[in-house]
Amino acid sequence: MYKIIASLYRYNMKGPRKSIPYFATLTNILVLFIFILALIIVSIDAKDILRFWHTGSKGGDYLIGAILAAPLYFFAWFLFPERKIKEQEALLTKKEYRWGLFFYYFLVIFLMALFLLSLNI
């Protein structure tokens with residue numbers, strides 16, 4: 001898992017996110033956490049949990065999203081400290097970097113497809 005995260009960190013070190021590569025990497029990890037949580041909610045047939053999300057206003061929806069995402073973000077921050085990610089990033093070869101990015105994108109697409117299939121769309 002650290003190889004994938006280190007690959008994301010190296011990817012985020014260039015381009016528009018070069019000033020905040022660690023926080024961009026945590027946001028990428030947060031996407032995975034959200035897909036996994038959504039799959040768990042759908043797999044235990046607790047879709048009613050998702051209905052409270054819609055408050056009728058965009059501000060309320062964003063507030064609920066922020067309240068739900070903040071603990072996950074801090075969990076990722078605690079689980080993957082920047083020091084360890086930098087150490088792993090320095091050890092990455094070019095091949096490992098490419099494979100790490102490939103597996104991240106594959107995992108995101110796979111989890112998204114699995115989530116959509118579990119919703120019976």
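The structure is a predicted model, in which local features need pLDDT of at least 70 and side-chain atom pairs count only at pLDDT 80 or more, whereas totals for chains, interfaces and linings use all residues. Residues are numbered from 1 along each chain as its sequence is written, and side-chain values use heavy atoms, with hydrogens and water left out.

The protein contains six helices and zero strands, helices being DSSP runs of H or I with at least four residues and strands runs of E with at least two, numbered from the N terminus. The C-alpha trace spans about 45 × 30 × 25 Å along its principal axes. The mean pLDDT (the predictor's confidence in each residue, from 0 to 100) is 85, and 91% of residues reach 70 or more. Of the contacts (heavy atoms within 4.5 Å) with a separation of 6 or more, 76% link residues 24 or more positions apart.

Buried residues account for 34% of the 121 residues. When residues up to four places away in sequence are not counted, Leu111 touches Leu32, Phe35, Ile36 and Leu39. With the same exclusion, Ser7 touches Leu92, Glu96, Tyr97, Gly100 and Leu101. Ser7 is found in helix H1 and is buried, with a relative accessible area of 0%.

The accessible surface (Shrake-Rupley method, 1.4 Å probe; for residues, only the protein chains shown count as cover) comes to about 8,200 Å², of which 72% belongs to carbon and sulfur atoms. A nonpolar surface patch is formed by Trp99, Phe102, Phe103, Phe106, Leu107, Phe110 and Leu114, with about 690 Å² of accessible area together. Patches are made of residues with over 30% relative accessible area and no salt bridge, with like charges joined within 9 Å and nonpolar side chains (Val, Leu, Ile, Met, Phe, Trp, Tyr) within 5 Å. Phe102, in helix H6 (residues 94–118), is partly exposed at 45%.

Four salt bridges are found in the whole structure, each being a side-chain nitrogen of Lys or Arg within 4 Å of a carboxyl oxygen of Asp or Glu. Arg10 pairs with Glu89, the closest N and O atoms being 2.9 Å apart. Arg10 lies in helix H1 and Glu89 in helix H5, so this pair ties together parts 79 residues apart in sequence. Glu89 is buried, with a relative accessible area of 13%. Glu82 forms a salt bridge with Lys86 at 3.8 Å between the closest N and O atoms; both lie in helix H5, four residues apart, about one turn of the helix.

Note on methods
Buried means under 20% relative accessible area, exposed over 50%, partly exposed in between (1.4 Å probe, protein chains only).
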